[in-house]
Amino acid sequence: MPEFSIAIPTYEMKGTGAQYFSELLETIKGQDFKDFEVCVSDHSQDNDILEVCEEYANYFEIKYFKNEDKIGNGPANTNSSVEMCSGKITKLIFQDDLFISKSALSKIKEAFDNESCNWCFNGFAHTTNGVHHFRPMIPRWTDMMLEGRNLLGSPSCVSFLTEKFVGFDENLKLLMDTDFYHRMRCEHGMPFIVGEYLTSNREHHHRISSSNVDYDKVIEHPEGSWLVNERELNYVLEKNKNTRSYYDEN
């Protein structure tokens, strides 16, 4: 059993997916911690992602699955990628994001060397071209997580003991991350924070969260306002109504 499984859900991403995926695998190839497998669940209708996997198969173990179920459902494909994982620790990362430290896996492993660590977040930056990185952030938990006030980062910043995975809700898109974070905290306590910048989130127009969702409600907060989808908001608040007070009690 490898120490790490790197779970990567993939899709065509309007023709950019294979290129972004290749850039991610290049940053995985450069990791100084080598005890890992890569698990790819692919929603693509072509073979471009598979061909990239074949290019990198000589460098590390890659498990590839052509996922023809629930095409276009990001949470479902993400769950599928994690279900493939056999490692002790799962590092989730989306195909368009990158590792920006060659010691990323080593640093994350250090967090899990603490026996009380069930899950963690790493510091992250942002990029548009995969080369220059800006707006670095250290994750922190906030109130109103369920309402979409997310300062922890995208799922590309999260790692967890594989056996502790609670699954992403397949009915969500914009709030799939914050709903997942809430349920992980309720089940496994506060996440550890790795206070170093290890990954970078790519900003572009072909992300699932950037398309086919209406941002139709404004949430007001003393530290700033943000946009959410009202249908998703009502759904997560109703679904989690019995645990919304968890933060105050713990």
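Q: How far is the sulfur of C39 from the closest cysteine sulfur, and why does that matter for a bond?
A: In this predicted model, the closest cysteine sulfur to that of C39 belongs to C85 and lies 4.0 Å away, which is too far for a bond, because a disulfide is counted when two cysteine sulfur atoms are within 2.5 Å.

Q: Are C39 and C120 buried or exposed?
A: A residue is called buried when its relative accessible area is under 20%. C39 has a relative accessibility of 0% and therefore counts as buried, and C120, with a relative accessible area of 1%, is buried too.

Q: Which residues have the most contacts inside the largest nonpolar core?
A: The general idea is that, in soluble globular proteins, nonpolar side chains tend to be buried together. In this structure the largest nonpolar core has 30 residues, and I8, L25, I28 and V38 are those with the most contacts inside it. At least two residues of this core come from each of β1 (4-10), α1 (17-29), β2, α2 (48-56), α4 (104-112) and β9 (192-202), while α4 gives the most, with five residues. There is also a second, separate core of 29 residues, which includes V158, I219, W226 and L237.

Q: Where is I8 found, and which residues does I8 touch?
A: I8 is found in strand β1, and at 0% relative accessibility I8 counts as buried. When residues up to four places away in sequence are not counted, I8 touches F21, L24, L25, I28, V38, C39, V40, S41, S81, I93, F94 and Q95, a list that includes C39, the cysteine discussed above.

Q: What is the place of S41, and what joins the side chains of S41 and S80?
A: S41 has its place in strand β2, which covers residues 36-42, and S41 counts as buried because its relative accessibility is 0%. The side chains of S41 and S80 are joined by a polar contact of 2.8 Å. Once neighbours within four places in sequence are left aside, the residues in contact with S41 are I8, P9, T10, F65, N67, N77, S80, S81 and M84.

Q: In what sense does strand β5 pair with β9, and how many bridges join strand β6 to β9?
A: The pairing of strand β5 (residues 98-99) with β9 is antiparallel and extends over two bridges, with T199 in β9 as the bridge partner of F99. Strand β6 (residues 119-127) and β9 run parallel and are joined by eight bridges, and here the bridge partner of H126 is N201 in β9.

Q: How many residues of helix α5 are buried, and what is its reach from first C-alpha to last?
A: Helix α5 (residues 176-188) has 13 residues and reaches 18 Å from its first C-alpha to its last, close to the 18 Å expected at 1.5 Å a residue. This helix is mostly covered, since eleven of its 13 residues are buried, among them M176, F180, Y181, R183 and H188. After α5 comes G189, whose phi is positive, near 85°.

Q: What is phi of K14, and what is phi of K70?
A: The background is that most residues other than glycine have a negative phi. K14 has a positive phi, near 55°, although it is a residue other than glycine, and K70 also has a positive phi near 55°. The place of K14 is in the loop between β1 and α1, whereas K70 lies in the loop between β3 (61-66) and α3 (74-83). As to accessibility, K14 counts as exposed at 67%, and K70 counts as partly exposed at 43%.

Technical notes
Residues numbered from 1 in each chain as written. Predicted model: local features only at pLDDT ≥ 70, side-chain atom pairs only at ≥ 80, totals over all residues. Heavy atoms only, no water. Helix = DSSP H or I, 4+ residues; strand = E, 2+ residues; numbered from the N terminus. Buried < 20%, exposed > 50% of the residue type's maximum accessible area, 1.4 Å probe, protein only. Polar contact = N/O pair within 3.5 Å; in protein donor to acceptor, adjacent residues only side chain to side chain. Contact = heavy atoms within 4.5 Å. Core = buried A, V, L, I, M, F, W, Y, C linked by side-chain atoms within 4.5 Å. Pairing = 2+ DSSP bridges. Expected span 1.5 Å × (residues − 1).
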